[in-house]
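Please read it alongside the sequence and coordinates.

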Amino acid sequence: MKSIRIEQFGPASVLRAQTVPELSVGPGEIRVGLKAIGVNPVDTYIRSGGYAVKPALPYTPGGDGAGVVLEVGPGVSGFHPGQRVYLTGSLTGTYAEEALCAPNHLHPLPDPVSFEQGAALGVPYATAFYALYFRARALPGETLLVHGASGGVGLAAVQIGRTMGLRVFGTGGSETGREEILRQGAHAAFDHTRAGYEEEIAAQTGGSGLDVILEMLANVNLGRDLQLLAPHGRVAVVGSRGPVEIHPRDAMTRNADIRGVLLAGATEKELASIHAGLYAGLESGTLRPVIGRRFALDDAAAAHDAVLAPGAHGKIILVP
Ligand code: NAP
């Protein structure tokens, strides 16, 4: 079987395709044939060796994907060969033709959803859902800014925000990205590379400010975010790549909150709720993951460079 292996931490070039022994399923395990694999920024942080999570070397990267159950080990119930599933983790890594999973890594993939779309669910959709419902506690009628709306988490947040009855604004750094943000239901899109765009956002709220900001790059934006909030507003920090200076008074004067978001810290009960909500949205068609770019599994290194490059317009996936 073909698999991407990492033998040492480093740049994207450490991602190498190899032929590895076939996987054999043990008690409590499920073997899945992957049809599409989600590439997330966190995969690149782990690969570089500079992240809190450091797998034992060598390893196969990846936690997201979608495919078909091939084999069910002794003691497993609720899954059967041929079943369509999406993955929120695995025992062996998802950048491969097959993966071994525990039952809690697998979720049924509703029929209208393609495998490629299924590979966009595990981290991006679950994070957007967790951030909006559980961390920001957004309510119908509130105004949401998805600050970084053109990527995997951002487009998911735009769609989920619309289903929640929010007024949704999004930012993107490219024309293509902003067109996609509007196509996915945002009421307005702004260019976060343009000087003064924050004033345009403030004007769009009619001066009343934003109730919720989902922030993808807090080290750049958090200080200005606080100034854009309405009284009792919340910034949910999803992404940050460094330190930032803020004026605490901007939060004090608004009774505002900065709330951290870490999907990996969600409880079992929260995760069950998140995936029930995602299933309902996928089945009804209100949630429709957008695929931005596809790469062959052999080109995983190029996919890692692409996921960190500007100009996002949907999810980046690998096709084994
Ligand atoms: P992605 O698909 O690579 O998208 C990145 C997004 O950030 C794009 O929309 C990009 O816009 C935007 N961006 C770039 N410069 C920006 C700026 N100055 N201001 C605002 N946004 C800007 O990544 P993703 O999967 O959506 O993840 C987004 C971030 O959340 C990453 O840092 C990731 O590590 C983090 N994350 C955290 C969790 C958690 O549990 N906390 C879970 C998932 C992801 P353009 O490309 O259009 O410029």
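A polar contact is a pair of N or O atoms within 3.5 Å; within protein, one must be able to donate a hydrogen and the other to accept it, and residues adjacent in sequence count only if both atoms are side-chain atoms. The model is predicted, so local features need pLDDT of at least 70 and side-chain atom pairs count only at pLDDT 80 or more, while totals for chains, interfaces and linings use all residues. Residues are numbered from 1 along each chain as its sequence is written, and side-chain values use heavy atoms, with hydrogens and water left out.

**Ligand site**

- A backbone N or O atom of Gly-173 lies 2.8 Å from a ligand oxygen atom, and for a backbone N or O atom of Val-307 the distance to a ligand oxygen atom is 3.0 Å.
- Ser-150 places a polar side-chain atom 2.7 Å from an oxygen atom of the ligand.
- Of the 920 Å² of accessible area that the ligand has on its own, the protein covers 86% (Shrake-Rupley method, 1.4 Å probe; for residues, only the protein chains shown count as cover).
- Helix H1 (41-48), helix H3 (121-135) and H4 are the elements that give two or more residues to the shell around the ligand (helices, H or I, of at least four residues and strands, E, of at least two are DSSP runs numbered from the N terminus).
- The ligand is surrounded by 27 residues, the closest being Tyr-45, Ser-150, Gly-173, His-192 and Val-261 (a residue is near a molecule or strand if one of its heavy atoms lies within 4 Å of it).
- Domain 1 (2-120 + 289-319) and domain 2 (124-264) both contribute residues to this shell, so the ligand lies between them (the bounds come from an automatic or database domain assignment).

**Cavity**

- There is 1 cavity of 30 Å³ or more (on a 1 Å grid over the protein atoms alone, a set of points where a 1.4 Å probe fits but cannot get out; lining residues have an atom within 4 Å of a point).
- The largest cavity has a volume of about 50 Å³ (the space filled by probe spheres set on the points, which are joined across faces, edges and corners).
- Its lining includes Ala-120, Tyr-125, Pro-289 and Lys-315, and helix H4 (residues 152-163) gives the largest share, 3 residues.
- Both domain 1 and domain 2 give residues to the lining of the largest cavity, so it lies between them.

**Backbone geometry**

- A cis peptide bond, with omega about -10°, joins Leu-57 and Pro-58; Pro-58 is in the loop between H1 and strand E4 (64-72).
- Arg-137, not a glycine, has a positive phi of about 50° and lies in the loop between H3 and strand E8 (143-147).

Note on methods. On a 1 Å grid over the protein atoms alone, a cavity is a set of points where a 1.4 Å probe fits but cannot get out, and a pocket is an open set with protein on both sides within 12 Å along at least five of seven lines; lining residues have an atom within 4 Å of a point.
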